[in-house]
Number of protein chains: 2
Amino acid sequence: MAWTGDTQAIGVTGIWGPSQPFEKLSITRYDPGEYDICFHVKFCGVCHSDIHTAKNDLGGAVFPVIPGHELAGVVAKVGSKVKKFQVGDHIGVGCFVDSCLDCAECSAGDEQYCSKGMTLTYNSAPTHGRCGPPNPDVRTYGGYTNKMVIHERFAIKLPNTYPLEKAGPLMCAAITLWDPLRHWKVGPGSRVGIAGIGGLGHMGVKLARALGAEVTAITSSPGKVESAKAMGADHVVVSSDPESVKAATKSLDLILNTISAGHDVMNYVPLLDTNGSIVQLGLVTQPHTVNQLPLIFGRKSIAGSVIAGIKSTQLCIDFCAKMNIEPEVVIKPVSEIDAIYNILDTKNDGAMRYVLDMSTI
Amino acid sequence: MAWTGDTQAIGVTGIWGPSQPFEKLSITRYDPGEYDICFHVKFCGVCHSDIHTAKNDLGGAVFPVIPGHELAGVVAKVGSKVKKFQVGDHIGVGCFVDSCLDCAECSAGDEQYCSKGMTLTYNSAPTHGRCGPPNPDVRTYGGYTNKMVIHERFAIKLPNTYPLEKAGPLMCAAITLWDPLRHWKVGPGSRVGIAGIGGLGHMGVKLARALGAEVTAITSSPGKVESAKAMGADHVVVSSDPESVKAATKSLDLILNTISAGHDVMNYVPLLDTNGSIVQLGLVTQPHTVNQLPLIFGRKSIAGSVIAGIKSTQLCIDFCAKMNIEPEVVIKPVSEIDAIYNILDTKNDGAMRYVLDMSTI
C-alpha cells in the first residue's frame, strides 16, 4: 500500500522561540502495513504539551519536532487486514500511536501507563513495531501535518455526525478529564471541582456535568465565572479571592486540577471534604511543597493522571457524541501557529482550544 | 457515682526536655455520669505523638500535659446506663474520648475525622459533653495515670484472653495501620509495603500478613532485616541501599509510611506500581517536595490517614485476638519515662513499643 505524494508538515528545527519559529517541512511517513490506516489530517488541536516539547521544557526533544496529538481526519486508504475503518470514515488520533500490548497496564486497557513505555504521537522513538520499524534514531511526527499513518489498534472512530473541526480536542483535552472522572467513579451525587478553566478544564466542566455530578469550576480569573456557568458549572470558586475559597471549604469530593502553570497545590486541599482527592493533570515541572498534615487529618490524597487508554478514549468520544458535548474551539490557519504559541506560553489558557485547519498548510 | 480517691499521673508542666522532665501529679478526673466507665489504667503505651505534644512540636500544648493514648485497664465502676462493660472487664482507650457524633464523618464511623473535631485523649478541650462539661479552659488528661473515666461510646472492649500488657499499643499503633489497610482494601493478592519498622510499622507487617497480603518491609536499618522477616515480611527493602530500592521498582500496590522523622516521600514513589498509593501515617511536620510528574505518569497518589474510628478499632482488636497478633512490647516502670522519651526522640524507633506499667506510679 503506497502513501507517498507530498507530505507537508510544520515543525521547529530547534527550541521554539523568536529565533526558531515554526517552518514548513516535507516529511516521509513510514510505509503503511496491512493493519495501517492512511488518513488526511483535517484538523489538529494545539495542546500546552506541544509547547512544552517545542520548548524542550522536559528535555528529550529531538529536533525537528512536529507537534500535535489532537488529530481529526478522514481515512484515505486502509491496509488489507484493517477491520475498524473504511475509506471516508472520520478518524481520530490522540497522544500515542503504539504501546507494548503485553504488560499488565496494556492488558488493563491503560496503554498510557504501558510498563515498556507508550510511543508518543510525536518526538518518540518507535520501539514496539506498530508505527514503523523500531529505531532509536527515528522520532515520530505529530499532527501538524496533512497526512498521517496509524495502526488501527491505536485509532479512534469518530462518528461522522460529530463536527470534525471539534473532534481533535476530544483526543487529549477531553480524555484527560474523562479518564479520572471514570476512574474516581464520578456520577450523580459526586461533588467535583475542576481547577483551571482552559482547554482541558472547560471540557471537565461539561463532562462532569453530563455524568450527573455537582460541578464547581475553580478559576483565578473572575472574568471566567459567567462562561464557566454557561458551560454547566453549578458553582464557581475564584481562587484569587480568599473569601470565595473559604466559602467552599470541604465542599468537594474530587478536584481535577488542570493548571499547567506553577501553583501551590496545598491551596486547593482545604476545598476537599474528608476522603477527597485532588488529581494533578497539568504538566507542572516545578515541584510542590506538600505539608502532609492536611492529608493525614482528612484521609485526603494528591494523585496524578495522564490522558486515557484507547478503550476509554473511544468511550469518551461516543459519550460526547451521544450527549452533544463539544469543546469550545477557535479554528486558525497554520500560519498563525507562532502567535498561538505565544499566547498559550504567556497567558492563562482560554476556556477554549485553538485548532489548526490543516488544509491551510 | 463517685470516683474520687487518689488519682495519680505523670506529666510535664512545660515543654519537655532537660529542664522540664516528667513529674508526678495529683489530678482530678471529671465526675462520671450514667454512661461513663471508671477504670484502673494498668498499662499505657508510649507513642511518638506523646513526645510531639510534650515538646509542643505542633504548637497548642497547654501545660501540664499528661500524655498517653494507648490505655489498657480493668473496669472498676460503671454508670447506671452502661451496657457494654461490667466491673472486671478489660477495657481499652485510644486517641480520642469524644466527638460530635452528628456529622457525616461520625455517622460513617470515622469519628477521627469528625467535622467538629474529635476530643483527643490528652491536651484537648472538652467540647461535645461526653468527657466532662464543655470548657475551653480545661484540657483532657491522658493515660500516664492510674485512673481514667470514659464514656462507653468511646471505650473498646478488650477480650480478657488478650494479654493486657500488650493491648495498649493496639489502640494507636495497630489501628493506625489497620484502618488504611481496610480502607485501601488490602487482602490476598495485594502487594503492601510498610515503610519504617518501628512501633507502628511492625504492627503493619503483622496485620498486612494476617490479611493475606504479600508484605514488603522497608527500613533504613540493615539490622532490622531479620526481625522484619521474623514478623512475617515476605521481602525487605533496605532504603539506604540504592540497589535494594532499585530491585523493588514498581513492586507495590500500597505503601503505608510510618516514618515520623523528616524524609523524602518521593524516594518511595518509584516502588509503587501503576495506580499505587503511598499513605503517610507518621506526623512529619517538615513539608515534602513533591514532583507531580511521577504521580501523573503512573496514576499514583500520596495520601494520608490518621488512627481509626471506634468501630474500626474494635474490629482491629477482635482481629488481633482471633489471629494471635501481638505487638512487641518492652514493659517499663514509670520512673523510666524520661529515658524512654530520650531514646524515641533521638533514635530510630525500635521494632517494638515501650509500655508503662502504671502500677509503678
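## Two domains in chain A

Chain A splits into domain 1, covering 8-171 + 328-360, and domain 2, covering 174-304. Keep in mind that this is a predicted model. Taken over C-alpha atoms, the centres of domain 1 of chain A and domain 2 of chain A sit 28 Å apart. Their contact draws 15 residues from domain 1 of chain A and 17 residues from domain 2 of chain A.

Together, domain 1 of chain A and domain 2 of chain A bury about 1,300 Å² between them, with 52% of it on carbon and sulfur atoms. On the domain 1 side of chain A, the residues that lose the most area to domain 2 of chain A are Leu170(A), Glu328(A) and Ala351(A). Those three make up 34% of what that side buries.

## What links the domains

Between domain 1 of chain A and domain 2 of chain A there's one salt bridge. In chain A, the side chains of Glu328(A) and Lys206(A) meet in a salt bridge, at 2.6 Å from N to O. Glu328(A) is also one of the residues of domain 1 that lose the most area to domain 2 of chain A.

On the side of domain 1 of chain A that touches domain 2 of chain A, helix 1 (residues 48-54) of chain A gives the largest share, three residues. Sorted by class, that side of domain 1 of chain A has six nonpolar, six polar and three charged residues.

## How the two chains are related

Now for the pair of chains.

## The interface between the chains

Here 38 residues of chain B are in contact with 38 residues of chain A. The area buried between chain B and chain A comes to about 3,100 Å², and carbon and sulfur atoms give 58% of it. Gln292(B), Ile296(B) and Arg299(B) supply 24% of the area that chain B buries against chain A, more than any other three residues.

There are six salt bridges between chain B and chain A. Arg299(B) turns up again here, its side chain meeting that of Asp179(A) in a salt bridge (2.6 Å, N to O). Chain B and chain A also share 20 residue pairs in polar contact, both residues at pLDDT 80 or more. Several elements of chain B each supply at least two residues of the side that touches chain A, namely helix 4 (173-183), strand 14 (272-280), strand 15 (288-290), helix 8 (293-296) and strand 16 (301-304). The residues on that side of chain B divide into 15 nonpolar, 16 polar and seven charged.

## Salt bridges across the whole model

Side chains of opposite charge can pair when their charged atoms come close. Over all chains, a search of the whole structure turns up 32 salt bridges.

Within chain B, Asp89(B) forms a salt bridge with Lys157(B), with the closest N and O atoms 3.6 Å apart. Asp89(B) lies in the loop between strand 4 (71-78) and strand 5 (90-93) of chain B, while Lys157(B) is in strand 9 (residues 156-158) of chain B, so this pair ties together parts that are 68 residues apart in sequence.

Methods: Residues numbered from 1 in each chain as written. Chains lettered and ligands numbered in written order. Predicted model: local features only at pLDDT ≥ 70, side-chain atom pairs only at ≥ 80, totals over all residues. Heavy atoms only, no water. Domains from an automatic or database assignment. Contact = heavy atoms within 4.5 Å. Buried area = accessible area lost by both parts, 1.4 Å probe. Salt bridge = Lys/Arg side-chain N within 4 Å of Asp/Glu carboxyl O. Helix = DSSP H or I, 4+ residues; strand = E, 2+ residues; numbered from the N terminus. Nonpolar A, V, L, I, M, F, W, Y, C, P; charged D, E, K, R; others polar. Polar contact = N/O pair within 3.5 Å; in protein donor to acceptor, adjacent residues only side chain to side chain.
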